[in-house]
Amino acid sequence: MIKVEHLSKRFGAHTVLKDITAEIRKGEVVSIIGPSGTGKSTFLRCLNLLDQPSGGSIEIDGVDILQHKADVPRIRQKMNMVFQSFNLFAHLSVLDNLTLAPMKLRGLSRAVAEEKAHELLRLVGLGEKAGHFPDELSGGQKQRVAIARCLAMEPEIILFDEPTSALDPTMVSEVLAVIRRLAKEGMTMAIVTHEMDFARDVSNRIFYMDEGLVYEEGTPQQIFENPQKEKTRAFIHRIRSLQRRISTADFDFYALNAEIETFCERQFLPRAARHNLLLLVEELLQILRPRLALSPIDLAIGYSEKNGSLELVLESDGSAGDPLEVTNGEDDLSVSIVRGFTDKVTHHLVNGRSRLEVMVRKA
Ligand code: ADP
Ligand code: MG
């Protein structure tokens, strides 16, 4: 359906896309992942000609859209895009947001456009909101309107550029659910996203972008479980784990908590697992706090999607031994709490450091 060959894009002297060769077939869902600044948005914008490519070719259904005198509005209709920031028309009602382009560009009558709009709003769960204005809606609702508006153009492929990045974490799943539904119905889609579990289970293929290239591509299983190239591996590892060094007893506990919460949201960890993890971090740092006088504490959280395990590792000064070893009559409330929220705790000495490995209970 879409065939891209040797696509490049420069902004002045800055080459963002070096040489992209890729194909998206009809009915396929491709997720595009990678560090920020690697040209993911630029790639999507080149596909529907919001950015003019510097070189290479883009074929849609066999027609090179860069060679011929391209009918740009028609291409954008075929390949409609949903943006991170919704881009709704604030001065128009939800209904008018959906009918404007179909009436203008596709020549639909108002009656037909409105009927179709109502149907699409029901599809995204917003049948009741037709008469509302965008600023009366939550972020998740706005993005669902944007998706309905995109569908109103009857695109053959939808390009999503980080559709959930501007949303409160509580609203991510309602938007992803709509995208999942479209995938199930066979819509062809290219989705730039940081929601890795979503990418994994909604996609047929994953493109990992780096160095101005589709650096590695494969099935979700190949990319997430067995990436072949070093940078892909490092990226996948980094997003699956969180590492922090705590150097003083005055560290910013709230900032750390917030980082852990964001990490859990990205991994789609169940609420109970997140709760248990936060509680364990708090209790264990409380227990280990005296050791900060001797050496920093290294904290690592790792989530393995493969076996669903959530592991917390804390390394601290080794001279004091196992921090969970309670000696007679000490206040062991923290220790009991820790034991209550873990499936397994092990302690080793590694290179003179005390290493506590905690399997977090997920329910
Ligand atoms: P990503 O979506 O992967 O984060 P982008 O495609 O947004 O990356 O950007 C890739 C690079 O291209 C960045 O270094 C960015 O600064 C640059 N860039 C993007 N758009 C423009 C533009 N219109 N003019 C100049 N540089 C741009
Ligand atoms: Mg981007």
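Predicted model: local features only at pLDDT ≥ 70, side-chain atom pairs only at ≥ 80, totals over all residues.
Visitor: Which atoms of His 14 and ligand 1 come together, and at what distance?

Guide: An N or O atom in the side chain of His 14 is 3.3 Å from an oxygen atom of ligand 1. In the case of Ser 41, a side-chain N or O atom is 2.8 Å from an oxygen atom of the ligand, whereas Gly 39 places a backbone N or O atom 3.0 Å from a ligand oxygen.

Visitor: How much of the accessible area of ligand 1 does the protein cover?

Guide: Of the 560 Å² that ligand 1 has on its own, the protein covers 58%. Strand E2 (14–24) and helix H1 (40–47) are the elements that give two or more residues to the shell, and H1 supplies the largest share, with 3 residues.

Visitor: What is the make-up of that shell by residue class?

Guide: The shell around ligand 1 has 7 polar, 3 nonpolar and 1 charged residues.

Visitor: Turning to the aromatic rings, how many aromatic pairs are there, and why is the pair of Tyr 208 and Tyr 215 classed as it is?

Guide: Ring planes over 60 degrees apart count as edge-to-face. The whole structure holds 4 aromatic pairs; in that of Tyr 208 and Tyr 215, the ring centres are 5.8 Å apart and the planes stand at 80°, so the pair is edge-to-face. Both of these tyrosines are buried, and together with Phe 235 they form one aromatic cluster. Lys 229 lies over the face of Tyr 215, at 4.6 Å from the ring centre.

Definitions and conventions:
Residues numbered from 1 in each chain as written. Chains lettered and ligands numbered in written order. Heavy atoms only, no water. Polar contact = N/O pair within 3.5 Å; in protein donor to acceptor, adjacent residues only side chain to side chain. Areas by Shrake-Rupley, 256 points an atom, 1.4 Å probe, with all protein chains shown as cover. Helix = DSSP H or I, 4+ residues; strand = E, 2+ residues; numbered from the N terminus. Nonpolar A, V, L, I, M, F, W, Y, C, P; charged D, E, K, R; others polar. Phe/Tyr/Trp six-rings, centres within 6.5 Å; stacked < 30°, edge-to-face > 60°. Buried < 20%, exposed > 50% of the residue type's maximum accessible area, 1.4 Å probe, protein only. Lys NZ or Arg CZ within 6 Å of the ring centre and 35° of its normal.
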